[in-house]
Each structure stands twice: as C-alpha cells, then as structure tokens.
Amino acid sequence: MSASTPFALLANATSLPWADVPAWPVGEFVRTTANELTRGARLCAWFGVPEDTATRIVAVLAFDVDNTLAVARSTPFTGAYPSLTTTHTQAHLFEREVWEQHGLIPEGHPWLKPVRKNNGNAPANGEFFRVDGREVHEVAVGPIHAGVIEPGHFRFQCAGEEVLHLEIALGYQYRGGEEALIGGPHRATMSQVETVAGDTTIAHATAYATIMESLAGVDDRSSTEAPLRSQWMRAIALELERLANHIGDMGALAGDVAFLPAMSACGKIRGDFLNLTALICGNRFGRGLVRPGGCHLDLDGERAAQLLERLNTALAETEQAVGWFWDAASVRARFENVGLVSPAQATEIGMVGPAARGCGLVRDVRYDHPAGWHRFAQVPVAVWPGGDIFARAKVRSLEIQRSGEYLRAQLATPVDGNLHSELAAPVPDTFAVALVEGWRGEVCHVALTDSAGRFRRYKIIDPSFHNWTGLTLAMRGAAISDFPICNKSFNLSYCGFDL
Amino acid sequence: MKPPQSMFVIDTITHRLKRGCETMAYPDGPAPALPDRHGGALKVDASKCTDGCSACVSVCPTEAITRTTRMIAHPESPVALDLGRCIFCAACVEVCPPQAITQTGDHRMAVRRPEDLILGEAGREEVRLAAALDEKLRRLLGRSLRLRVVSAGGCGGCEADVNVLGTIGWDLSRFGIQYVASPRHADGLLITGCVSKNMELAVTKVWDAVPEPKIVIAVGACAISGGPFVGNPQILNGASSVVPVDLYIPGCPPHPLTILDGLLRLLDRLDNPSRENAANGQVS
C-alpha cells in the first residue's frame with residue numbers, strides 16, 4: 001500500500017531533505033492523511049513547524065506491513081482547519097497539542113482542551129467531562145497519588161462502583177524539554193533526552209543518537225552509521241532496560257492483588273537487572289552509555305562474562321517468581337476479563353507496545369521497522385490476544401523470556417570494532433525520523449534542521465502519548481476498585497507524556 | 001502442555017522460605033559495593049588547577065562548574081563544582097589534565113546545607129556530610145520517620161530508587177522509616193524532580209497539609225537544583241524554591257545506598273564516623 005502513497009517514503013533511522021517532503025494545502029493534507037490512515041497506516045507523529053507568522057503541520061505515518069515510514073506536510077497557514085480526529089481518533093491528542101502550541105484550530109474536534117500548558121502554578125486543565133444523573137458521582141484523584149509515583153489527575157464519573165468514564169488530565173510534569181531542544185543540540189541536550197522518561201533512558205538516548213547519526217553529513221549526503229559494536233551494545237542495553245521494567249511491573253501487579261511472594265521477589269530482581277545496566281555504565285538507568293556516534297563505555301570480554309553469569313542467575317530467579325504468579329488461581333482470576341480493550345479500539349486509538357500486543361496486534365518497531373542492530377538480530381513479537389490485564393501481563397512475561405534469550409545469544413557473539421565514530425555536523429534543512437521499541441512501546445523522535453544545521457524543531461513522542469487513552473477505555477464499565485491494577489497493567493509515563 | 005496448576009497457601013509459604021532472608025546486612029555489616037563504573041562522590045582540589053585552564057567548565061552539561069574570568073586572572077582562585085547540580089557524567093573528570101577533579105568511590109553525599117555541596121576550595125575539596133537532626137526533633141520523632149514522597153517534575157529515576165528502598169533487599173521499614181499515603185500521616189516530605197511550575201500549587205498544598213514539626217528531603221540533582229533542566233522557564237529549579245529543605249541527597253539518580261545513608265545520617269542511626277570527624281581524628 002505504501003507503493004501508491006503520495007507521501008514521501010523514508011525508512012526508520014534515515015533522513016531526507018526538507019524540500020523533498022510533499023506539501024499540500026491543509027484541506028488536501030488532512031484528506032490525504034485520513035486516506036492513508038484508512039488504508040492501514042498508523043499515525044506516529046503530528047506536529048507544527050512555525051514558518052514566519054504561520055505554521056505547517058507535519059504528519060509522520062508508519063506503514064507497518066511494508067516496513068516503511070512516510071512523511072508529508074501542509075503549506076503554512078493560520079486559523080482553522082478540518083479536524084483529522086473526526087475520522088481518525090488516533091489524532092485526538094496530537095491535534096490538541098498542535099492547537100495548544102500553535103493556535104491552529106481543528107474544526108470539529110470533539111474534545112479540544114489543553115494538554116500540558118501552564119496556568120500559573122498548575123496546568124490549565126479546562127473543564128472535565130461530566131455525566132449527570134441522580135446516582136452518578138464524581139471521584140477526583142491526584143495530582144499527588146498514594147504511592148511513590150509521578151503526578152497526574154484522574155477524574156472518574158461513576159454510578160456506584162461502575163466507572164462510566166475516566167478522564168485523565170496530565171501536564172504536571174511539564175519541564176519544557178521539547179522547547180529546550182530548539183536551536184540545539186545544546187550542552188545539556190543529551191542529559192535532557194536521557195531523562196525525558198528516566199526509566200526509558202536507553203530507548204530515548206538511542207533514538208536521539210540515531211537522529212544525530214542520520215543527520216550527520218558525509219559527502220553532501222546525510223546518514224552516518226554508528227560502529228556495529230556500539231549498535232550491538234545499544235541492543236543489549238535496550239533489552240536490559242525492558243527486563244528491569246517488565247519484572248518491576250510483574251511485581252507491582254502482584255502487589256496490587258496482594259500476592260506478596262511474587263511482589264517481594266520481583267521487586268528485588270528488578271534491582272538485580274538495574275545493577276546489570278550499572279555494570280555496563282555505572283548508572284542503574286543507563287545514563288551516560290549511548291552517545292551520538294556510538295557508545296561512551298565498552299563492554300569488554302571480562303565484563304560481558306560477568307554480565308552473562310549474573311544475567312543467568314537473575315533470569316532463573318525471575319522464572320521462578322513469575323511462575324508462582326501464573327500458578328496462583330487467585331492471581332489469574334483477578335486479571336482475567338478485567339480492564340478490557342478490544343483490538344478494534346486499540347487500532348483506532350493507535351496503541352503501541354505491550355499494551356497493543358496484549359490486544360493481539362502484531363506491532364513492534366524491532367520487527368516492523370528494524371534499525372541499528374535489530375537489522376541483524378531480531379526479537380520475535382510476543383503477542384497475546386484478550387486485551388485484558390491478564391493479556392498485558394502475559395505479554396510482559398513472554399517478553400521477559402524472549403529478551404533473556406536474545407541477551408544470551410548476543411553476549412555469546414560479541415561484535416568487534418570501534419565503539420565510537422566522530423560525527424560530522426548535521427546537514428542543514430533536513431528531516432529525520434528515528435523509532436525505537438522501548439519497553440512501553442514506540443519511542444519516536446523527529447528532527448528538522450534549519451539552514452545552519454541546528455534543530456529548527458525537535459519532536460519527541462513517548463509511547464505513553466498513544467497509550468493513556470487505552471487506560472481510559474480499559475476503565476469503561478470496570479469497577480473503580482480495579483483502577484490500580486488497570487493502571488499498573490499499562491504503567492505509563494507521566495513525564496514522557498508531559499515532556 | 002501441562003494443565004494449569006493450582007497453587008495453595010502452603011506452596012506460597014514454601015517458596016518464601018526457600019528464598020530465605022534477602023535483606024542486606026548493611027548498616028550493621030559492610031555497605032554493598034557501588035558498581036565499579038559509578039565513581040561515587042567527586043573530590044575537587046582546586047589548588048591543582050593549571051593556570052587559565054577551564055576545560056571542565058565547558059564540558060559540564062548542567063553548568064555545575066564555574067570559574068569566573070576574575071578567577072582565571074588569579075589562578076589560585078578555585079574552580080567551584082556544585083555537587084547539587086552534578087549529574088555524575090564524569091565528563092569533567094575525563095578532561096581534567098592535572099586531575100584536580102577525581103572520583104572518590106564514596107557513596108556518602110547527603111548534606112544539610114546546599115553550600116556544603118560546593119567543592120574546590122582548600123579544606124572544602126569534598127562534601128561536608130550531613131549532621132543529624134537536633135536532639136529535640138529526633139526525640140519527637142521517636143523511632144519512626146514517616147515520609148510523604150512527592151514527585152514534582154521527576155523523570156522516574158529518583159522515584160524508582162527511592163521506591164527500591166522499600167523492597168526486601170533494603171527493607172527501609174527496619175529503620176522505622178516508611179512512605180505513607182497521606183501528608184497528614186507524615187513527618188515530612190521527600191521531594192524528587194525539578195519542581196515544574198505545574199506542580200507548584202500541589203507541592204505548596206502538600207507541605208501545608210503535613211503537621212508541624214516537619215522536614216523536607218530533596219533527592220536528586222533535579223530536586224536540589226533543577227538538574228539537567230536547570231534554567232528551563234517551565235521549572236522552578238528545585239524543592240527549595242517552594243519549601244525549606246533539611247537534607248540534600250545528590251545524584252542522577254542517587255544510588256539507593258546514597259539515599260539510605262542520607263536518611264540514616266539525618267536520624268543519627270549510623271555508627272560510622274562522619275568524614276569530618278574522621279579527618280579530625282575523632283574516629284569512634
């Protein structure tokens with residue numbers, strides 16, 4: 001289907017001249033985008049690029065089946081345009097964001113309100129959706145929650161225990177990370193990218209490094225490859241990040257249904273996996289490892305051997321602890337048919353990552369859009385149908401096994417060569433996209449350089465941006481007392497969304 | 001494929017017994033080793049700075065190191081490294097030709113005053129570790145410290161390593177320290193994150209809700225100074241911009257051991273001497 005698209009095609013982790021991106025008047029642009037989405041494309045990014053006093057909208061699509069990305073833009077305009085959301089729900093937050101940032105009004109958008117904008121000392125939340133009726137009551141939770149967790153506000157409309165609607169208002173973590181990138185890269189850019197979502201450091205850092213590599217000019221052509229050894233190391237670090245977080249999630253899910261043995265064990269094993277990342281780079285979250293042009297620290301033979309040994313121990317303990325979890329009927333019963341999202345809903349809202357794969361969708365950047373080391377060593381896509389908490393936990397459990405196997409295979413076949421190559425300056429007026437499958441799903445970075453090769457626009461889409469809507473759908477008709485386990489089964493990032 | 005098994009209470013107990021006690025011996029026993037590439041706290045001996053060199057200043061991503069023009073004119077004037085801004089990337093250590101900036105491998109970094117994190121001058125090469133809370137407040141708290149953890153513009157890193165102290169490996173509750181759900185139940189706040197403008201109201205409210213007397217602990221570079229986001233217009237550059245802070249624990253994020261050391265230091269629960277005392281020969 002991508003063969004006949006009027007969009008410009010580009011593979012993951014590549015760039016193309018900004019002038020080569022097709023541009024249409026906004027009406028035609030929205031119609032064409034809608035057409036491609038109807039044909040099965042997926043919306044990865046939708047954002048504004050200011051031009052004089054007007055703004056262009058840029059759309060980045062993924063044709064997963066054809067393993068290609070595609071990009072197009074509107075001509076600059078101001079004021080209103082026909083909303084894409086009216087036909088394609090997956091655009092709803094993107095259009096709210098563009099409205100908030102650039103004032104472009106998506107006409108017909110059913111729920112146009114701020115995303116993260118500051119209103120003095122709190123986010124400008126706007127009015128919440130309300131259900132009226134004699135038996136209906138409203139429950140407001142947050143921004144500060146009961147546990148050690150990031151802030152966000154949840155507004156439930158309930159009839160008794162049943163949740164009729166949940167509206168999620170975020171923005172509390174808004175640090176201005178994306179705006180800070182304009183005119184960059186700056187001195188602080190790398191460390192800011194590493195902390196966009198601090199539990200997803202490797203995925204975001206790899207996406208950023210990939211962007212810088214695909215922008216680096218060689219003989220007037222952009223795109224420089226990082227040395228293979230560093231690509232191999234990034235792939236290892238990415239799976240360690242996935243393992244730590246997935247095991248933490250399994251423990252948290254166990255904790256929320258009061259199954260303490262698995263909770264205690266997984267809580268500790270999670271730390272063991274974080275310590276494996278620290279073995280490579282000194283930091284439990286992988287800070288300082290991935291750099292544009294390669295990696296900063298090497299994984300020498302002795303260190304790799306130690307890593308493998310400790311990995312095997314941790315994986316064996318994981319298998320045991322997760323085994324208790326699945327063996328307990330009391331756990332299974334709490335997860336089955338709770339927090340349902342149908343495959344149709346997941347497709348409609350553009351869900352990604354384990355949450356999408358838990359609805360049976362075969363959707364994984366490592367497989368659909370392989371870049372870096374994943375071109376040579378793939379990970380199978382772990383899918384489980386059902387769309388309930390059970391399925392989301394099951395996908396994590398399968399991915400823990402697959403990531404473990406992947407790491408064993410990779411550590412057995414180290415790649416020789418340099419760790420880092422110097423990058424040339426970014427090519428001016430160039431557009432680059434990098435997708436990385438983080439542990440929550442698709443991490444998308446998009447960059448556009450100006451005439452001096454600095455960032456004219458840099459867009460970051462954490463998987464949470466796609467998936468928060470999934471949590472609201474999972475709560476429809478569910479009992480409000482099931483919210484904690486539903487929330488844990490998604491375990492989305494607040495700061496990754498708020499940026 | 002074997003059919004799903006049923007698990008009984010006795011299995012659960014057996015599993016638990018098999019794993020045994022997994023809580024570390026520290027602080028009665030030795031502290032667990034930091035990862036060899038962690039590096040620990042930094043030490044800055046400005047007297048080693050070469051004339052006019054400011055290599056470290058330009059590589060620091062958070063502008064934690066300053067050396068003003070006036071200072072370059074007077075080479076004996078120290079460079080100053082603010083460990084509260086430091087994200088421990090070690091870029092300065094790598095570029096420093098005379099090795100004026102070095103890693104100590106020491107996990108202990110918590111201080112009571114932000115100026116105790118400024119390193120460089122003679123006699124101030126290392127952090128001046130935190131003293132315990134005064135006797136009266138410690139007596140009031142008794143054997144317990146209950147904290148309301150508030151993430152305000154944090155990335156999830158500090159939150160994760162604050163959280164990990166509650167797991168069986170660290171078992172924070174054996175020290176009488178607990179994270180509680182309500183500020184009304186708390187003796188103080190533990191704040192992570194740079195304090196985004198969007199969290200200012202919430203942090204003010206949660207502070208007001210904690211009954212007196214109360215303390216505040218700032219964990220991580222963001223909560224101390226803004227960290228990687230310092231200077232961004234959407235943030236307030238740390239907890240002390242909104243509430244009075246009693247303990248600063250540096251790191252990005254601080255290692256769990258560093259956080260635990262800070263908490264225990266504040267409660268005077270560590271038998272090992274502070275570095276100052278050790279330097280004065282008052283080893284107890």
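Author: Happy to. Let's start in chain B, where B:Arg148 has B:Leu189 of β8(B) as its bridge partner. Please note that this is a predicted model, in which local features need pLDDT of at least 70, side-chain atom pairs count only at pLDDT 80 or more, and totals for chains, interfaces and linings use all residues. Residues are numbered from 1 along each chain as its sequence is written, while chains are lettered from A and ligands numbered from 1 in the order in which they are written.

Reader: Thanks! In what sense do β6 and β8 of chain B pair, parallel or antiparallel?

Author: Strand β6 (residues 145-151) of chain B and β8(B) pair in the parallel sense, over 5 bridges. Strands here are DSSP runs of E with at least two residues, helices are runs of H or I with at least four, and both are numbered from the N terminus. Two strands count as paired if DSSP finds at least two bridges between them.

Reader: And what stands opposite B:Leu189 in β9(B)?

Author: That is B:Val216. Strand β9 (residues 215-219) of chain B also pairs with β8(B) in the parallel sense over 5 bridges.

Reader: How many residues of β8(B) are buried?

Author: In β8 (residues 188-192) of chain B, 5 of its 5 residues are buried. Buried means that 20 or more other C-beta atoms lie within 10 Å of the residue's own; exposed means 12 or fewer, partly exposed is in between, and C-beta atoms are placed from the backbone. B:Gly188, B:Leu190 and B:Thr192 lie on one side, with B:Leu189 and B:Ile191 on the other.

Reader: Switching to chain A: which residues of α1(A) are buried?

Author: They are A:Val26, A:Phe29, A:Val30, A:Thr33, A:Glu36 and A:Leu37. Down the axis of α1(A), the buried residues fall within an arc of 130°, so they line one face of the helix. That arc is taken from the directions from the helix axis to the C-beta atoms.

Reader: What do they pack against?

Author: The buried residues of α1(A) pack against β3 (23-24), β4, β5, β6 and β7 (80-82) of chain A. On the other side of α1(A), A:Gly27 and A:Thr38 are exposed. Just after the helix, A:Gly40 takes a positive phi of about 115°.

Reader: Nice. How is chain A divided into domains?

Author: Into domain 1 (2-107) and domain 2 (177-498), with bounds from an automatic or database domain assignment. Their centres, taken over C-alpha atoms, are 25 Å apart. The contact between them takes 25 residues from domain 1 of chain A and 27 residues from domain 2 of chain A. Two residues are in contact if their C-beta atoms, placed from the backbone, lie within 7 Å.

Reader: Which element gives the most on the domain 1 side?

Author: β4(A), with 6 residues on the side of domain 1 of chain A that touches domain 2 of chain A.

Reader: Last topic: how many residues are in contact between chain A and chain B?

Author: 50 residues of chain A are in contact with 53 residues of chain B. The largest share of the chain A side that touches chain B, 10 residues, comes from α7(A).
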